[in-house]
Amino acid sequence: MERTHLKAFADAEEMEISFGPQHPSTHGVLRLMVKVDGERILDVKPIIGYLHRGTEKLFERETYNGCIPHTDRMDYTAAVTNNQGLVGAVERLMGITIPPRAAYLRMILAELQRLASHLVWLATHALDIGAQTPYFYCFEERDKILDLFEEYCGARLTTNCMRVGGMPFDLTPGWTDRCRAFIEQFPAKVSDWERLLTKNRIWRERTVGVGVISAADAIEWGLTGPPLRGSGVRWDIRKVFPYDRYDEVEFDVPIGTNGDTYDRYLVRMEEMRQSVRIIRQCLERLPDGPVMAKVPKIIKPPKGEVYFSVEAPKGELGYYLVSEGGDTPYRLHVRPACFINLQALPEMVRGQLVADLVAVIGTLDIVLGEIDR
Amino acid sequence: MSWWDKILAFIPLELVQGLGVTGKYLFRKKVTVQYPEQRLEPKDRFRGMFGFSEERCIVCHNCAKACPIDIIHITDHFEESVVDGKKRKKKVLDRYDIDVKRCMFCGLCEEACPTKPVAIWLTTKTYETAAYERNERLYFDKVRLQTWDGVLPFPGVKAPAEGGMPEDPKAEKKAAGGEGA
Amino acid sequence: MWAELAVTAAKLLVVATVLLTCVPIMVWVERRGAAFIQDRLGPNRVGPMGLLQPVIDAVKLFFKEDLTPGGVNPILYTLAPMVSMFVALVTFIVIPFSADAGVEVFGVPLKGIHVAPDLGVGVLYLLAISSLGVYGIVLAGWSSNNKYSLLGGLRSSAQLLSYELSLTMSVLGVVLVSGTLNLQEVIGRQGPEIWKWHAVTQPIGFIVFLVAAFAETNRLPFDLAEAETELVAGYHVEYSSMRFASFFMSEYINIVTISALTVTLFLGGWQVPWLTATLSGWPLLLVSAGAFAAKVALLLWLFVWVRWSLPRFRYDQLMQLGWKGLLPLAALNLLIVGMAMGQGWL
């Protein structure tokens, strides 16, 4: 009896912590089985599915426009880009070209959504690392973006603001002025947050060299979005497979060099500035005209299949649509950015400390709604 | 990097700078809205609680078909009447129920409504729909849809209980934005 | 004899009351200050400007169920918050809140608002007692039988032990110059002029002390023991009701203590340049007490401000800062002070 007790004591170096699903920094209901030796992480096993709603199955019984509100709820911090991917897939299968005004509207809204999503990321990431104040600054700015969404489409979070063939409504009068006023004051705010964080030595110590993933590994794991670009791969769907009118606007794709948390932070901060740049150009060029192409009342894409992806704030969001010619999709598979980015988490945190785990979860910018769907 | 620079780098000036940023925000005007006393007025297109008008409804079931989660239940029957010596069949609404507790406020029903102005609309600028008992309080039949009250309307907004709906924003939109879906 | 005892008891009562009143005020300042820094209003519903919010919080905690989870070590689990609270409270008796002023009450010399004025080893006593505080945290972390608590307790013990050293080393410089361990005399040696205060004569020691003070009180850049986003709540994750409140209160009392100590050791204590030297009797007592309170309040605000501005260190970085950064600096400070004394400058 005593011997087994002693043995248990000798083996007690390793400890398994169930990290989540009720944990302040798992960004929802992610559960991690963390094997630690003291504070050092030996292994991490993500356990997902707490937010599974069967969205892909639901798509199969919805009309195409009825699918759009369901996509709002996948990555609930970036509903617009979710909508954009779905309608883009259906439009590509049907061969619809949307009017230029609709395309520009989509770009403006998508970039605003990218700002909003990155603001949520910055807020929670900084909070995870212990800087509690940027949270509120970010959410204040995000609220202004959500106000713009509310004015355009009537909802702040679950926007449901696109339809197959274009946009459901035109802008309200004065919307462009308010949008312009917002993006004019926004870069100064980004500078404020950078002054709080970028050079801060505690912030740097917490992020430099944490959660490193090399460019080759990142590609192998299928990472997309800022986690991939932070490793130095210049890959942005907006540049490589331009959709809407992204080939008409000028913007840079920021990349990092070391593939660590700090570089991903810098990449996202720069992406915010680039989004502002895109919105500014779009507002200048926003053409007049209809916002809806001529589409039949009941949308029935021809038999066939299509893969269409957009650069969502979290990475590549792809829709693989198989149509049998009916008014509902035969199969609509979603290639979520977060789900695939999360898979690299064990690789990135192995051998680091518990505090780094939190930083890496934050830097991957996961949303469980999209992971579980 | 000279040794002097190294010593300078040791002094945490950027931490002081960070304190400066928070110190600056300390004296800014606050953006908090003190909720029960102050209320934010939703924008005109805000999708809130339902409004419904039985007179306008032509019982076409389009809203029920458009609803992605099938929460609109409509039953009807035909009534025959004799007007000017001719027999006329008319659809009459029996039930028009919305299971609001499951609603995700996507607004597709309003878009699908063919009448002008629309018979079902969400632009009532109401968001205080919390209830203690969801099955009773958040299941609206056609009478309650037209007469619900107990939420504070904003100036210029008429609740269905007051017998009106706001200016139809959809009509202008359609005029400005070409043909709709 | 009896009169002296009564005076001491009265002083004890006053100090303890003020201290325990400090906690809710501090909580209020922290919450409102954090809110204002963060562009919001904070608690403003209960009482004027939300001043009664901490009271309501306390009432709420008082009525919460006092839960003892299964699997804990009940004795240590109960003891831990008591240790924390006790240690936080008893450190205060050596801090001189005001000048001696030569005031007499009922024929007994009052010797300032200072519970134990004749304790010759004041500094030693303070350091010794405040290092006991780690026991409360370690016991809580261990006895809770929770992995997060355990990690919190471990972090905290390592942190407090290593920062205790830097703290003591930086105090050593002050003690060296003062030549006494009695805190009242330490203040007296600093003289009323600002350039004689130890914060000015020993800036390195002051900074080391301040940083170590943040670490000792588990405040944000160093709040690893609680680390809300990593360890949920660290060592007190299993505590509820008034036991949690004990930890909460002792944390705030510790902040007040360490601020009072900083003021005493480095910022001239209760002295106001050119003013306190001209006064005597009751005016001196009141003015000095007010000056002390004002200085402590400023430091407390610094604690709040820093907490809501800076991110948190990681465990190994904290150790590095403590052992490789602060300890050598404290030694350097000691060296400089010693050399300066040898030259007769201090």
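1. Buried means 20 or more other C-beta atoms within 10 Å of a residue's own, exposed means 12 or fewer, and partly exposed is in between, with C-beta atoms placed from the backbone.

2. **What you're looking at.** This is a predicted model, where local features need pLDDT of at least 70 and side-chain atom pairs count only at pLDDT 80 or more, while totals for chains, interfaces and linings use all residues. Residues are numbered from 1 along each chain as its sequence is written, and chains are lettered from A and ligands numbered from 1 in the order in which they are written.

3. **Around A:Val90.** Skip its neighbours within four places in sequence, and A:Val90 is in contact with A:Tyr64, A:Val164, A:Ile299, A:Pro301 and A:Leu321. Contact means that the two C-beta atoms, placed from the backbone, lie within 7 Å.

4. **A buried arginine.** Look for A:Arg106 in helix H5 (residues 100–129) of chain A. Helices (H or I, at least four residues) and strands (E, at least two) are DSSP runs, numbered from the N terminus. A:Arg106 counts as buried because 28 other C-beta atoms lie within 10 Å. Leaving out neighbours within four places in sequence, its contacts are A:Gln84, A:Met162, A:Met167 and A:Asp244.

5. **Chain A meets chain B.** This contact takes 29 residues from chain A and 28 from chain B. On the chain A side, helices H3 (64–72), H6 (134–153) and H7 (175–197) each give two or more residues. That side has ten nonpolar, nine polar and ten charged residues. For these classes, Ala, Val, Leu, Ile, Met, Phe, Trp, Tyr, Cys and Pro are nonpolar, Asp, Glu, Lys and Arg are charged, and the others, Gly among them, are polar.

6. **Chain A meets chain C.** Here chain A puts in 26 residues and chain C 22. The chain A side divides into 15 nonpolar, six polar and five charged residues.

7. **A helix to trace.** Helix H5 (residues 147–178) of chain C has 32 residues and reaches 46 Å from its first C-alpha to its last, close to the 46 Å expected. The expected span is 1.5 Å times one less than the number of residues. Next comes C:Gly179, with a positive phi near 70 degrees.
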